[in-house]
Amino acid sequence: IVHHEGRILVAASRGVWEIGDGSAECVVELPDSGANVLAVGGDAVWVGTYDGRLLRLVERQVQQIEQFHRPIQAISIHSDGSLWVGTYGRGVFVADIARWSRFRGRDLRVSCLAKRGNELLVGSNHGMSILENGELVPVDIKGLESEVTALEVIHGDVVCIGDRSGAAGII
C-alpha cells in the first residue's frame with residue numbers, strides 16, 4: 001500500500017488498485033502476474049510483479065523498465081534517486097541511471113528493504129544484512145530465528161524488525 005498524490009494505491013493479485021471514497025478501481029490490470037510490491041519515487045509509482053517485471057506507473061501510463069525473471073519482493077528509493085530492487089532468489093539490484101548492479105548471497109530470497117541514513121538494510125531468508133562496500137554483511141540479532149519479513153526505520157536510526165515466527169526486534 002502506498003500513498004501518492006492524494007491517492008491510496010494497493011498491490012494485488014490482479015493488478016494495482018486505487019482505494020477511495022468507499023470504492024476500489026483497478027488502475028493497472030496485471031491478470032497474469034499480479035502486483036507484489038509498490039514504492040513511490042518522484043512522480044512515479046514503481047510496481048514489482050510476481051513474474052519479475054519492474055514497472056513504472058505515471059498518470060495511469062505503464063512502462064516496463066526491467067525483467068528480473070523472479071518475483072520482486074521489495075523496492076526502495078534512496079534520497080540520491082537510486083532505485084533498489086530485492087528479488088526472490090536473485091538478490092538485490094541497484095539502478096545507476098541505465099545500468100543495473102547486482103548484489104547477491106547464496107540462495108538469497110529478499111523480503112524487504114529499508115534505508116537508514118546512507119545504509120541499505122536487507123531482510124531475507126538469511127536474516128538481516130547491511131550493504132557495505134558492495135557486499136551484503138550479515139547482522140547478528142539475538143532472538144531472531146527465521147526469515148526477516150519486515151524492516152522499518154523510525155526516528156532516523158532505530159530499526160524495527162519482524163520475522164516469520166512473529167518475533168520482533170529493535171536495534
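The side chains of Arg7 and Glu18 meet in a salt bridge, with a nitrogen-to-oxygen distance of 3.3 Å, in what is a predicted model. This pair links distant parts of the chain, since Arg7 belongs to strand β2 (residues 7–12) and Glu18 to strand β3, eleven residues apart. Both Arg7 and Glu18 are buried.

The structure holds six salt bridges, and those that share partners join Arg7, Glu18, Glu25 and Arg60 into one network.

| Salt bridge | N to O distance |
|---|---|
| Arg7 and Glu18 | 3.3 Å |
| Arg56 and Asp43 | 3.0 Å |
| Arg53 and Asp51 | 3.3 Å |

The side chains of Arg56 and Asp43 form one of these contacts; because Arg56 lies in strand β7 and Asp43 in the loop between β5 and β6, the pair ties together parts that are 13 residues apart in sequence. Arg56 is partly exposed, as its relative accessible area is 25%, and Asp43 is also partly exposed, with a value of 42%. In the salt bridge of Arg53 and Asp51, Asp51 counts as partly exposed at a relative accessibility of 33%.

**The sheet of β1 to β4**

Four strands form an open sheet with antiparallel pairing, in the order β1-β2-β3-β4. Its edge strands are β1 and β4 (residues 23–29), each of which pairs on one side only, and neighbouring strands of this sheet are turned by 35° against each other on average, when direction is ignored.

Ile1 is found in the segment before β1 (residues 2–4), and it is classed as exposed because its relative accessible area of 77% is over the 50% cut-off.

Strand β5 (residues 35–41) pairs with β6 in the antiparallel sense over six bridges, and the bridge partner of Gly41 in β6 is Ala44. The hairpin of β5 and β6 has two residues between the strands, and Gly42 takes a positive phi near 65° there.

Strand β6 (residues 44–49) is mostly covered, with six of its six residues buried. In a regular strand the side chains alternate between the two faces of the sheet. In β6, Ala44, Trp46 and Gly48 point one way, Val45, Val47 and Thr49 point the other way, and all are buried.

On to its next partner, β6 pairs with strand β7 (residues 53–58) in the antiparallel sense over four bridges, and the bridge partner of Val47 in β7 is Leu55. These two strands form a hairpin with three residues between them, in whose turn Gly52 has a positive phi of about 90°.

Strand β7 is in turn joined by six bridges to strand β8 (residues 61–67), and the two run antiparallel; Leu57 stands opposite Val62 in β8. The hairpin of β7 and β8 has two residues between the strands, and here Glu59 takes a positive phi near 50°.

Technical notes: Residues are numbered from 1 along each chain as its sequence is written. This is a predicted model: local features need pLDDT of at least 70, side-chain atom pairs count only at pLDDT 80 or more; totals for chains, interfaces and linings use all residues. Side-chain values use heavy atoms; hydrogens and water are left out. Buried means under 20% relative accessible area, exposed over 50%, partly exposed in between (1.4 Å probe, protein chains only). Two strands pair if DSSP finds at least two bridges between them. Axes are lines fitted to C-alpha atoms, for helices over the stretch in contact, and angles run from 0 to 180 degrees between N-to-C directions. A salt bridge is a side-chain nitrogen of Lys or Arg within 4 Å of a carboxyl oxygen of Asp or Glu.
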